[in-house]
Structure formats: C-alpha cells, structure tokens
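Student: Hi, could you walk me through this structure? I'd like to go over the strands and the ligand with you.

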Amino acid sequence: MQISGKVLIKGEWLLGAGAGFNASNPTTLQKSSETFYNADSAQAQAAATAAAQAFDLYSQYSDLQKANFLRTIATQLEKIRPEIVLRATWETALGEMRINGELGRTIGQLNMFAQLLDKGDWKRPVIDLAQADRQPLPKPDIRLTQVPLGPVVVFAASNFPLAFSVAGGDTASALAAGCPVIVKTHSAHPGTSELVASAILAAIEQCDLPRGVFAMLHGGGRTVGATLVTAAQVKAVGFTGSISGGRALYDLAVGRREPIPFYGELGSTNPVFLLPQSLAQKAEQIAASFIGALTMGVGQFCTSPGILIAVKGNALERLLASLAEKTPTLAAATMLTTGICNSYQQACEQRAAMPSLKQIACGESADSEASQAQVQLFSVDASDYLKQAELEEEVFGPATLVVCCEDSAQLLAVANSLGGHLTAALFADEEDQNLAGQLLPILQQRIGRILFDGYGTGVELSSAMSHGGPYPSSTAGQSTSVGTRAIERFTRPLCYQNTPDALLPAELKNANPNSIMRLVNNRWTTTAIN
Ligand code: NAP
C-alpha cells in the first residue's frame, strides 16, 4: 500500500494544512521518502464536528453492530500484517517479534471488546421495580443503564505504536462504548499510523458506518492536540505519554467551559520490594530476572521496574555483586526516538552527578548516532533517598535505582513516601509474610496493581486487569486502560424513571429480549419481568 502522508477526516484522505515532516528510522536516522503533513486547527475542528454528527447515529447502533465493526477492523489489520510489521519496525527500532506480538495484542483487544458486546451485559443494568403500595409514598420504577459519552480524542503513545495507538486499547474501548474516535498520531510512527487508519477506514466502508466515526490527524507542535481537547464536541480524552505533556492536556480538558474526563496514563517508577528472606534465598536469581525485565523494550515500558528497595546486609551485597557482574555485557540498544534517547541520556548524567548516588554498573557503551541507550544502575542510601523526592521520578529507559535501607522500618518509611504508581512488586517468602502484611496497606493507597515474585512489565489482557493508578501514574486512578472495564471510561450512567416499556432500551425492557444478567430488586437474574 502506498503511504500518502495525508490525514483522514470524515472518510477522506486530505493533505494536512500544517507543516510537513518526515518519519525517521531511529537506528540509521534515515528519513522516509514520504512527507507527512500535520493538520491545522481548522481540520482538527472539522474532524470534531464530523465526529459529533456521526455520534448521533453511531450511539444508537446495537452492541452486535459495534461488535461486527470491531471484528472487521481486526480482520482488516490482519490482512495488512506484513506491511504494518515492516513499517513499524523501521519507524520504531522495535524488533519484528515485538511488533508482531503487539499487533496480535491489538487485534486481541478489538476481539475482546467485540466479545464483551456479544454478551450484552457490560452495561450492568439495574432495575428497581415500582411499589405502588409503599408507605408513606409509592416507589417509582427506576432503571439504570450506561450510555456513550460522545466523541473521544485518543493521543497515540510513542512506546506502543500499535497496542496504545491508532487502533489500540483506547480506540477499541471507545468505539465499543459507542463513541466516535479522533486519533492524534505520534510523530514517531506516522506511516504505521496511516496503515492502521486505512484498515479502520476499510472496516467503516465494509460496515457502512457514518464516515465521521473515525479520524486520524498528524499534529506535532501542540496546536492540533490542544484544539481537539478544547473542541466543544469532544467529550473525553485518552492519553499515554509524559507527565508534563499529559498534565498540560489534562489542565486544558478540565479548564474548558464544559470540563471533560481526561484518562491520562503518565509516568510510573514501579517500585520492587525485595523482602529479607526472599532476597537471602535467591539474590542471584532475582538479579538475573530483574535485568531481563529492565531491558525489555529498552526499558521503554510504563511498567518498567525503576526502583528496587531492600534492607542492607549480606543478601543485598550478593544482589549488588550479581548486578555488577552481569550488567557490563548488556548491549546498548536503540530507543524509540532521538528525543527520547537524549532525555534518557540527560537523566542518567544528572543521576551520575548526584553525590548521594553510587553507580553500581553500566552496560556496554552506547552509540549516540544510533539513538542507543546504555543500561545504567545506581544505588542510594534510603536516608538520602527520603530527602530527594525527585529520585522517585521516572527515568524512561533502562536505568534503575537500588534503595538500600537500614532495616525493615526504613523500608516501610520508603514505601510510605511513595506517590502513585501503576505497579509494585514484592519478592516475599513465607517468613516475609509479616513484613509483606505491613507493606500491603501502605501500597494499597498508592498502587494500581500489586504483584508477587515477578515484575509488572507484562500487562495481561484480562477482565480482572487494572492498568492505572493514583496520580501521577494516571490522571484517573479510578479507571483502567487495559481489560474490559476500560469501556467504562467512555460511558456515563443514565437512569430511566417510570418510562413506558416500549421506549426503554433492550437491556432494560421487561422481556429481557437478549436474556442478559441484570440486577432486579437487588438480585442478579437473567429472567424476564412479568
Ligand atoms: P509526550 O511528550 O508526552 O507526547 C505525547 C503526546 O502528547 C504527543 O502527541 C504530543 O504532541 C502531545 N503533547 C505533549 N505535550 C503537549 C502539550 N504541552 N500540549 C499539547 N500536546 C502535547 O510523550 P512522548 O513523546 O511519548 O515521550 C516523551 C517522554 O514521555 C519520554 O521521554 C518519557 O519520559 C515519557 N513517556 C512515558 C511513557 C509511560 O508510559 N510512562 C510513555 C511514553 C513516554 P506533539 O506531537 O505535538 O509533541
């Protein structure tokens, strides 16, 4: 497929009216032969208007129609898998295996939401029947369902060019909810974005949906993103990226005349607690598995382990020695963009210059001409760590800080000092359970997912998954961006009172035509109401 460099608005490929740019291969710094054009504010506004028009129709589509649309997108993506893989590996320096896997996940997410819609009970309908003879006043008939919010803007992530980008989890969950989507692409992978958008357009045409149900705009330089977030027609935003970028856009979203929800997944350092008995039992194994988790995707995962916390002693010395032995042979690897690589380099230089930090070890040296990152491990005494809040901030890339505590009380003090994170991991043996029991209530207030004897890097596609957490790991810690519950971000409750049965949506009708599970008078049931 020929890449045009255009933007997609209301089913048409248009030349963006903003500045032109080329895609870049982060390894060779070679520029793409195609020029891509950013949209301008007027085009961003036109996409928002088209989305609002499409919403009137699309929000009324049945779950089965939306499920068919999601499955058709999945099929269209599969059809152009080789082209997507070729382009995405060129644009991101992520390997073929990773990109193939990520495309599989993207298709899996679309199918997961289609299955959720098939079941039909995701709106969790609640019905409280009328009681005419209730004293002192009759009780009305009250029925609760969920309705879509309206057009959603999705900011594609640099670090997941497929699974959190054009047809990624935010897009899939918003379309499943009944919301049109406008994607602001990431400038790191515009060609990949166009290929994926073409698959979505093919699905729109095949399913004969209103063309405004999806738009894709390039838009570096902040204008397009800011216009979309402040457009009156837009009713919610999904974002994955930096704390500074996410915070700027969040402030725009909540500062509007009509504030809207902003689901931002921002920075997280994902603390790993190595409890004394577990560390004594397996310091060397932990060092090996930790290095695997840290270097996965060149440390460019939102769930990458950025802080290790342990109590000083022989076991911690063994861990540090093992890390120091293994690290020097770790190859440097190319990051997603030169910008991200420069930020990583700067953050490591700042750490290396801090008197309270010791450099434990470095990987093989990096070729900065190829946007490469060198693995860097530091350590700090917990007493110094507790005085420097900035040490908790994410260093995006393969760097980690080991926090060395005097005793368990200081380890708990470090836990108490933490802000919000996506994940926390505990390595704990049976004899560590007392300390683990003291840690858990502290972590429950700060963490989105707590896991044992592993690292948070893999985020399962599961209905029980939560990917989010208290600020600054996300701007909406009460929600998840992974798993079927992600759909709830783009709906709101709607209550019908004393409404004639014929006018109710299917999920609230007495006959329960789709035999779905409903809470009727506080009991879960699939039976119809007589
Ligand atoms: P970013 O700078 O936050 O950019 C993400 C998106 O937000 C881009 O589309 C960007 O638009 C837009 N944006 C950023 N600041 C904005 C502002 N002030 N106003 C309007 N739009 C704005 O993230 P990135 O480019 O992916 O990477 C930069 C850094 O983010 C990394 O070095 C890393 O520290 C962090 N990061 C963290 C995660 C994570 O999961 N924790 C993931 C990715 C990145 P433009 O195209 O106009 O720039």
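Predicted model: local features only at pLDDT ≥ 70, side-chain atom pairs only at ≥ 80, totals over all residues.

Student: Where does Arg124 lie?
Tutor: Arg124 is in the loop that runs between α4 (96–119) and β5. If you carry on into β5, residues 126–128, you reach a strand that runs antiparallel to β6, residues 142–148, with 3 bridges joining them.

Student: Which residues face each other there?
Tutor: Asp128 stands opposite Ile142 in β6. Ile127 also has a bridge partner in β6, namely Arg143.

Student: What holds paired strands together in general?
Tutor: Backbone hydrogen bonds do, and the pairing can be parallel or antiparallel.

Student: OK, and what's in the loop between β5 and β6?
Tutor: Pro136 has its place in that loop. The peptide bond leading from Gln135 into Pro136 is cis, with omega near 5°.

Student: Which residues does the other cis bond join?
Tutor: Tyr471 and Pro472 are joined by a cis peptide bond, with omega about 10°. Pro472 sits in the loop between β20 and β21.

Student: You mentioned β21. Which strand does it pair with?
Tutor: β21 pairs with β6 in the antiparallel sense, over 7 bridges. In that pairing, Pro148 stands opposite Thr491 of β21.

Student: So what's the strand order of the sheet they belong to?
Tutor: The order is β21-β6-β5-β22-β23, an open sheet of 5 strands with mixed pairing. Its edge strands are β21 (491–497) and β23 (523–525), each of which pairs on one side only. Ignoring direction, neighbouring strands in this sheet are turned by 30° against each other on average.

Student: What about the sheet with 7 strands, what's its order?
Tutor: That one reads β15-β17-β18-β13-β12-β19-β20, and it is also open with mixed pairing. At the edges are β15 (357–362) and β20 (447–452), each pairing on one side only. The twist from one strand to the next averages 20°.

Student: Is the β12 and β19 pairing parallel or antiparallel?
Tutor: Parallel, over 3 bridges, with β12 covering residues 272–274 and β19 covering residues 421–427. As an example, Val272 has Ala425 in β19 as its bridge partner.

Student: Changing topic: how many residues surround the ligand?
Tutor: There are 21 residues around the ligand, and the closest are Ser158, His186, Arg222, Ser242 and Cys302. By type, the shell divides into 8 nonpolar, 10 polar and 3 charged residues.

Student: Which helix gives the most residues to the shell?
Tutor: Helix α8, residues 243–254, gives the most, with 3 residues.

Student: And which domains does the shell draw on?
Tutor: Domain 1 (17–23 + 30–122 + 141–266 + 480–489) and domain 2 (271–452) each provide at least three residues of the shell.

Student: Which polar atoms lie beside the ligand's own N and O atoms?
Tutor: His186 has a polar side-chain atom 2.8 Å from a ligand oxygen. Leu266 uses its backbone instead, with an N or O atom 2.9 Å from a ligand nitrogen. In Glu394, a side-chain N or O atom is 2.9 Å from a nitrogen atom of the ligand.

Student: How much of the ligand does the protein bury?
Tutor: The protein buries 84% of the 870 Å² that the ligand exposes when taken alone.

How values were computed
Residues numbered from 1 in each chain as written. Heavy atoms only, no water. Near = heavy atom within 4 Å. Polar contact = N/O pair within 3.5 Å; in protein donor to acceptor, adjacent residues only side chain to side chain. Areas by Shrake-Rupley, 256 points an atom, 1.4 Å probe, with all protein chains shown as cover. Helix = DSSP H or I, 4+ residues; strand = E, 2+ residues; numbered from the N terminus. Nonpolar A, V, L, I, M, F, W, Y, C, P; charged D, E, K, R; others polar. Domains from an automatic or database assignment. Pairing = 2+ DSSP bridges. Axes fitted to C-alpha atoms, helices over the stretch in contact; angles between N-to-C directions.
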